[in-house]
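The sequence and structure come first.

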Amino acid sequence: MRLFISSVAALTIAAGANAQVLDGQLDAVYGAPLSVQNTQTEFGNSNLGVANWANGSELNAVYCRSDANNLYLMFTGNLESNWNKFELFLDTRSGGQNQLRGDNPNVDFNGLNRMGNDGSGNGLRFDAGFEADYFITVTGGDVGGGNWNFFANYAEILTGGGGSGQFLGGAGTGGTIVGGNGISIALNNSNTAGVGGGNGLDNGLNGAPIFGIEMCIPLAAIGNPSIAGMKGVAFINGGGHDYMSNQVLGGLGGMGNLAEPRNVNFANIAGDQFFRIPSPGSLALLGLGALVARRRR
Ligand SMILES: [Ca+2]
Ligand SMILES: [Ca+2]
Ligand SMILES: [Ca+2]
Ligand SMILES: [Ca+2]
C-alpha cells in the first residue's frame, strides 16, 4: 500500500505544472490570456458561486494552449442557467463568412441562422478580415425537476453556405460533453469574480477569476488549421440566439447590450471584436528556428 501511494505521488509530481484537466477551471499551463474583458455585464453579475447554476452571464477572459492534435480554449466567466447562449466563431482557414448567411447548418433549433441574413441583406458582420469557418454554441438550464444540464452544438460555416452541423451532446453538474467529432466541453459556473454589472469599463481579471467554460477541440474538427494566425470571437447571446449581450471578446470598450444580432456590425465598433489564437505548432516551429540558427553558427 505504501508503494501504491508513493507511485501516485510520483505521478502527480511528474505531471507538475503542465497538468491540465478539462473541468471548467483555469490551469496554470494556459499562461497569459489572449484577450481580457473590458466591459461590465448587462446580462447579470452572477453571485451564486456554485458549479452548476448561475444567475448572470459574463466573459472575463480567454486563454488557449495547443498540442499536435488539439486546441484547448478556456473562457473564464459565467453562463446564466436560463438558456443564455455562449457563441464561439473560429476563423481557422481561408474563405468562410465575414457576414453570416441565412443558409448555414440547422443546429440548436436553427440558432446559427437566427443570427444570419433573414433575406433582407442583414446578418451579423465581423471585423474586416475575420471570415468565420466554424461555430460552437453552449447553453444550460433546468431540464425538469430543478436538474441542471448543459448542451452544445457545432457547425461548419462554408463560404457559400450549406455544410454540416451536429449536436455535441449534454451533461450534468461536473460532467463533460464529448461530441461525436471529439470536441469536449466542461462548464463550471462557480465564478463570482471578474467584471461587475453595468455597461461601463471594467477589468475581467478583477479578483482573478478561474472558472468558466473549457473546451478541447481536435484540430481535425476545425479543418486542421494551417493558416498563420487563427482568430476567434466569443459572446453571450439570449436564449433564442436573438439578443446579443455586451459580453464580447475582444471587448466592446464600455457599451450596453448590442441587441438584435442580425444588425450587429463589429466593424462599426472601435477595436478588435476578436482574439488571435497562436497557430498550433508555432512553438515547435520557434524551437526548430532556434535549432537552425544554432547550427548555422
Ligand atoms: Ca481545467
Ligand atoms: Ca476563414
Ligand atoms: Ca462578475
Ligand atoms: Ca471592431
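What percentage of the 297 residues of the chain count as buried?

## Basis and overall fold

In the chain, 45% of the 297 residues count as buried, a residue being buried if 20 or more other C-beta atoms, placed from the backbone, lie within 10 Å of its own. This is a predicted model, in which local features need pLDDT of at least 70 and side-chain atom pairs count only at pLDDT 80 or more, while totals for chains, interfaces and linings use all residues. Residues are numbered from 1 along each chain as its sequence is written, and chains are lettered from A and ligands numbered from 1 in the order in which they are written.

The chain has 13 strands and 2 helices; these are DSSP runs numbered from the N terminus, with at least four residues (H or I) for a helix and at least two (E) for a strand. Of the contacts with a separation of 6 or more, 67% are between residues 24 or more positions apart. A contact requires C-beta atoms, placed from the backbone, within 7 Å.

## Leu73

Leu73 belongs to strand β3 (residues 70-78). It counts as buried because 24 C-beta neighbours lie inside 10 Å. Beyond its neighbours within four places in sequence, Leu73 contacts Val62, Cys64, Met215 and Ile217. Its C-alpha atom is 8.8 Å from that of Tyr30, 43 residues away along the chain.

Strands β5 (residues 134-142) and β6 (residues 148-156) run antiparallel and are joined by 9 bridges; pairing requires at least two DSSP bridges. Asp142 is opposite Trp148 in β6. The two strands, β5 and β6, form a hairpin with 5 residues between them, and Gly144 in the turn has a positive phi of about 120°.

β6 is also joined to β7 (residues 165-171) by 6 bridges, again antiparallel. Here Asn153 stands opposite Phe167 in β7.

Technical notes:
A residue is buried if 20 or more other C-beta atoms lie within 10 Å of its own, exposed if 12 or fewer, and partly exposed in between; C-beta atoms are placed from the backbone. Two residues are in contact if their C-beta atoms, placed from the backbone, lie within 7 Å.
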